[in-house]
Each structure stands twice: as structure tokens, then as C-alpha cells.
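Trainee: I've got a structure open and I'd like to work through it with you. Could we go piece by piece?

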Amino acid sequence: MLNNDPLWYKDAVFYEIPVKAFADSNGDGIGDVQGLIGKLEYLKWLGVDCLWLLPFYPSPMRDDGYDVSDFYNVAEHFGTKEDMRKLLDEAHSLGIRVIVDLVLNHTSDQHAWFQESRRSPESPMHHYYVWSDTDRKYEKARIIFIDTEKSNWTWDPEAKAFYWHRFFSHQPDLNYDNPAVREAMLHVMSFWLDQGLDGFRCDAVPYLLEREGTICENLPETHDYLKEIRRRIDEAYQGRILLAEANQWPTDVRPYFGDGDEFHMAFHFPLMPRLYMGLRSELCDPIIDMFTHTPDIPDNCQWCLFLRNHDELTLEMCSGEERDYMYYTYARDPKMRRNIGIARRLAPLLDNDRRKIELLNSMVFTMPGSPIIYYGDEIGMGDDIRLKDRDGVRTPMQWTMGQNAGFSACDPAQLYLPVVSDSVYGCQSINVKSQREMPHSLLQWMKRMIEVRKRFPAFGRGSISFLRPTNGKVLAYVRRHEDTALLIVHNLAASAQSVELDLKEFAGVRPIELLGEARFASITGSPYVLTLAPYGYYWLNLTPDRSGPESYGIEQTAL
């Protein structure tokens with residue numbers, strides 16, 4: 001059953017799934033909703049609290065479903081609305097919630113709205129989109145897909161006018177100055193919430209409106225509409241959430257939380273590349289600096305933290321120097337680069353080094369926010385940089401070492417994308433079945449980490465205070481919530497490190513390491529010395545033990 005806590009998302013572990021990539025139930029080579037239903041037991045076993053599904057709506061699929069042609073249906077190759085309702089029922093019965101991408105900013109140029117809009121300026125649908133006689137308006141707005149688009153305007157020969165688009169030219173932007181559009185998208189949201197959906201990851205929200213003389217991002221009018229969405233949902237749908245995709249600097253993302261009356265959650269995009277920078281430089285400064293520039297958010301709001309997702313590892317919120325550093329470090333081959341970012345999965349980014357994979361996951365799971373796992377990263381799946389666009393990180397899930405990695409029974413030539421087949425990351429080496437049977441696999445480690453995190457609300461709800469040891473290769477911080485205090489220590493270096501920490505406020509406490517349950521030496525008034533292995537980490541409980549003297553083994557049996 002579902003957790004009834006209205007702040008459930010603060011403690012939740014999210015799992016991102018492209019429906020097409022997870023499991024194929026009918027043998028057509030494309031993952032579908034029924035296939036996903038069949039894998040819910042695995043997700044429950046792993047400890048997932050909420051699924052985030054990429055768009056499943058009908059679409060020409062020129063942008064992997066983000067070019068929506070019908071907001072009210074399920075794409076035929078994924079299933080039906082009845083399948084979606086069954087998925088929601090089955091997931092809820094296991095205590096798993098489901099949110100889905102809602103593409104607010106734009107539609108496909110094949111959407112019925114746009115087809116009607118372009119026919120005549122007199123059509124009621126004409127003003128569902130942003131039309132102009134000139135392509136010289138809004139010139140301060142940046143072009144987001146600089147590797148494919150030369151302008152935010154495209155000429156339409158049927159309408160004999162230019163239409164506005166912040167992304168691909170086949171994705172015309174909706175006109176949110178039109179009250180009919182605002183109401184239409186609210187109706188779409190209500191439709192899916194009525195089916196039982198638990199919320200939306202709202203795509204590209206900074207770009208909803210345009211104003212001359214501005215960069216057309218983060219406008220006050222945009223926030224006015226987003227607050228209206230939140231108000232309408234709160235009135236009619238309890239326990240549902242809104243997650244903002246706003247790839248902006250933290251101070252610019254902060255207004256999307258409002259006073260706790262806009263988005264419940266937002267991605268912390270700029271933190272993600274700084275984790276990789278800190279690891280490569282062996283210095284904690286980039287990470288601590290990002291938290292220094294992260295403003296406080298309302299108590300009922302939460303950051304979403306991630307290491308990878310379905311897009312490129314975005315470097316938009318990096319300086320030119322930082323971007324060059326990331327390219328040099330993690331993407332020397334130009335085929336690894338997409339737009340302003342790196343199109344690689346987590347394991348290949350980290351040279352398949354288990355120690356580094358654990359370390360970065362440990363940081364994401366212990367910093368303020370709710371972690372998101374990208375499908376397959378829990379087993380260390382690889383990528384295929386030869387595939388176009390961002391398809392290299394969207395290959396079929398690897399369930400077994402059998403044909404098509406257990407994803408589908410079809411002929412391999414029918415697969416929507418080929419399964420990763422190299423000797424390091426192919427399904428013979430990397431698959432769920434083998435790792436579930438191996439007690440010390442990456443998958444079992446991820447499961448254990450999730451279990452431990454759930455025992456301590458301090459991870460999802462607590463404050464953070466960074467310690468400042470003289471050894472800058474060690475990142476140490478304390479998470480506090482109510483009467484719980486947890487010390488988290490990470491060694492960012494490839495060599496063993498010793499660190500002295502000022503923990504005198506916890507004098508008398510004997511730390512307990514949470515992942516292995518080992519007891520450490522008691523804290524005194526002197527600096528507390530820890531030694532960490534290369535890329536090592538500790539999760540230490542500093543909460544005073546009030547249970548009385550310790551007793552072990554024969555002492556207990558003699559009582």
C-alpha cells in the first residue's frame with residue numbers, strides 16, 4: 001500500500017524508465033506497459049518508491065516522444081489507457097508511485113492543434129502557438145540545441161508565417177499568453193491524475209512564455225501559471241507532486257518552489273557535473289562551492305539529485321573552462337559529445353571502476369534531496385556511442401545473458417535499438433539475473449544502500465553542515481534531523497587518505513558505520529582520525545546510544 005505521508009517524496013527513491021527500453025511483452029522489439037508491469041516485482045525488491053516514466057503518448061518519435069501529437073492517449077506500441085490504469089493499480093498495490101513526463105512547453109508539429117493553427121489566422125487554434133511575420137523578435141533568447149538549430153524561428157509555408165520554438169524546429173512552442181492553452185494543459189493534467197497518476201515531471205518549464213527585451217526564460221508570468229497549476233492540483237488531488245525540469249543556476253531555480261506553492265521538487269542540475277569534477281580533481285571544493293550557492297528552499301520542497309538520465313550529461317550550467325575540463329576528462333572522443341554535454345552512461349564515464357561508481361552514488365544518496373536512479377545504472381550498464389543523438393544511453397535493459405539480454409523474444413534485427421554487445425558491458429557480463437544471485441554485486445550493493453537510507457529520515461529531510469578538514473581530498477558533512485546526527489565521509493582521491501575531524505560536540509559517542517554496522521572508536525575532545533581507502537566512504541551514526549552498556553555473545557546468553 002502507498003505511504004500516506006503528504007511529504008512522501010522527501011524520503012523517496014525515484015527510478016527513471018523509458019517504457020520502450022525496459023521490457024517487451026509482445027515480441028515486437030519495443031518495450032511496453034505490460035512488460036513494465038511484469039517487472040514491478042524487481043523494482044519493489046530493489047526498494048524503488050516512485051517510477052518516473054518518459055513520455056508514452058502518441059508521437060512521430062522524432063525526439064523520442066517529447067514531440068507529443070496527442071496528450072490524451074498511449075502510443076500504440078506501448079499499449080492502451082487500460083494498460084496504464086493496470087500499471088498504476090499494480091504499482092500502487094506494491095507501494096510504488098508513478099509519475100510521467102508532461103511536455104508543457106511544446107507539441108509535435110503533427111499535433112492536431114498545430115495542424116489547425118497553421119491553416120488560417122482566423123482559426124480559433126491559430127493562437128495556440130506563437131506566430132510572427134518576422135524572425136527578428138525575441139533576439140535575446142538563446143538557442144538551446146546549438147548543434148542542430150540556427151534560429152528559434154522557423155518559416156511555415158502553409159501559414160506563410162514564422163513559428164517560435166525553443167527546441168527542435170518540429171516542436172512548435174505553445175502560446176501560454178492564450179487562456180485557452182493554459183486551460184487545455186490543465187485539462188490534460190486532470191485527465192491523467194483522474195487515471196491514478198501520482199504527478200508529473202514537467203519538461204522545460206523556464207521557457208513557457210516570451211517577452212521582448214528578455215531572454216525569455218524564468219519570466220514572472222511563467223511562475224503565475226505554474227502556481228495556478230499547483231493550486232488546481234492541491235484542491236482536487238491530494239498527495240500528487242510536480243517535479244520541475246529547470247536547467248538553471250540554483251538561484252534561478254529557487255523561484256520554482258515559490259513559497260512552497262509552486263513545484264514540490266526540482267532537479268539540481270548544476271550539482272551533478274561538480275560531483276564528477278570533484279572526483280576527477282580529487283578536491284571537495286567544487287562540491288562544497290555548489291552548496292554554498294544553493295539557497296534554502298521551503299520545508300515542503302525537495303531537490304532531486306541524479307548522476308545520469310536519458311539526456312546528455314548537461315554542461316549548460318558550467319563555465320567555458322569547466323566545460324573544457326569535463327570534455328577533456330570524460331569525453332575526449334567527439335562521438336561522446338551531444339549538444340552541450342556528454343552522452344555516456346555512469347559506468348563508462350567512470351571507466352567501469354566499481355569504487356568510483358559506489359562513491360558517486362554514496363554522495364547522491366546522502367546529500368540533501370531525493371535520489372533518482374536511471375534504469376540499468378544499478379547494474380552498471382554500458383552505452384553505445386555509435387548510435388545517433390542520445391540513443392546511446394537508451395538501449396534495452398539487460399535482464400539476462402540470453403537472447404536480446406532477456407528484454408524481448410523478437411529477432412534481434414527487430415529491436416528498437418541494439419542491445420549493448422561489447423565484451424565489457426554486454427549482457428554476458430552485465431545483467432540483472434546474475435547480479436541478483438551474487439551477494440557482492442553492484443546491484444546488491446545498491447539495494448543495501450537504499451535499505452539503509454530508508455531507515456534514516458535525516459537523509460531526505462535533514463540539514464547539512466560541511467566539516468572543513470585540512471585534507472581537501474576528503475569531503476565530510478553531518479546530516480541532522482530531530483535527534484539524529486549522521487557523519488558522512490568521502491575520499492575523492494585514488495590513494496588512501498587520513499583525515500582529522502573536529503567532532504568534539506559528539507564526545508562520548510561511539511560511531512556506528514551504517515552499511516556494515518561496525519563500531520568505531522569513541523569520540524573524545526581531540527581531533528577524530530579516520531583513514532579511508534582509495535575512493536572510500538563511511539556513513540556513521542553519531543546519535544548517542546541510550547540503550548545502556550554493550551553486551552555481546554556469551555554475555556547475552558548468560559542473562
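Trainee: In which loop is Asn352 found?

Mentor: Before we start, keep in mind that this is a predicted model. Asn352 is no glycine, yet its phi is positive, near 55 degrees. As for its place, look in the loop between α12 and α13.

Trainee: Is Asn352 buried, exposed or partly exposed?

Mentor: Buried would need under 20% relative accessible area, and exposed would need over 50%. Asn352 has 33% relative accessibility, so it counts as partly exposed.

Trainee: Which other residue can you show me with a positive phi, near 60 degrees?

Mentor: Go to the loop between β7 (199-203) and α7. The residue there with phi near 60 degrees, again not a glycine, is Asn218.

Trainee: On to helix pairs: how are α9 and α13 oriented to each other?

Mentor: The axes of α9 (residues 271-281) and α13 (residues 354-366) come within 11 Å and cross at roughly 135 degrees. Over 145 degrees would be roughly antiparallel, and 65 to 115 roughly perpendicular. The pair is therefore oblique.

Trainee: Which residues of α9 meet α13?

Mentor: On the α13 side, you'll find Lys356, Leu359, Leu360, Met363 and Val364. The contact residues divide into seven nonpolar, no polar and one charged. From α9 come Leu275, Tyr276 and Leu279.

Trainee: How many charged residues are in the contact of α6 with α7?

Mentor: Helix α6 (residues 179-195) packs on α7 (residues 220-236) at about 35 degrees, with the axes 11 Å apart. Among the residues making the contact are Arg182 and Glu183 of α6, and Glu228 and Arg232 of α7. Eight residues of the contact are nonpolar and none polar, while the charged ones number four.

Trainee: Which element gives the largest share of the largest nonpolar core?

Mentor: That core has 170 residues, and those touching the most other members are Tyr15, Tyr42, Leu43, Leu51, Leu53 and Tyr276. Take Leu51: leaving out residues up to four places away in sequence, its contacts include Tyr15, Leu43 and Ile96. The largest share, eight residues, comes from α6.

Trainee: How many residues are in the other core, apart from that one?

Mentor: Look for Val499, Val509, Tyr528 and Tyr538, which are among its members. The count for this separate core is 20 residues.

Trainee: Last one: what do the buried residues of α11 pack against?

Mentor: In α11 (residues 320-330), the buried ones are Met326, Tyr327, Thr329 and Tyr330. They pack against α9, β11 (313-314), β12 (341-342) and α12 (346-349).

Key
Residues are numbered from 1 along each chain as its sequence is written. This is a predicted model: local features need pLDDT of at least 70, side-chain atom pairs count only at pLDDT 80 or more; totals for chains, interfaces and linings use all residues. Side-chain values use heavy atoms; hydrogens and water are left out. Axes are lines fitted to C-alpha atoms, for helices over the stretch in contact, and angles run from 0 to 180 degrees between N-to-C directions. Helices (H or I, at least four residues) and strands (E, at least two) are DSSP runs, numbered from the N terminus. Contact means heavy atoms within 4.5 Å. Ala, Val, Leu, Ile, Met, Phe, Trp, Tyr, Cys and Pro count as nonpolar, Asp, Glu, Lys and Arg as charged, and the others, Gly among them, as polar. Angles under 35 degrees count as roughly parallel, over 145 as roughly antiparallel, 65 to 115 as roughly perpendicular and the rest as oblique. A nonpolar core is a set of buried Ala, Val, Leu, Ile, Met, Phe, Trp, Tyr and Cys residues joined through side-chain atoms within 4.5 Å. Buried means under 20% relative accessible area, exposed over 50%, partly exposed in between (1.4 Å probe, protein chains only).
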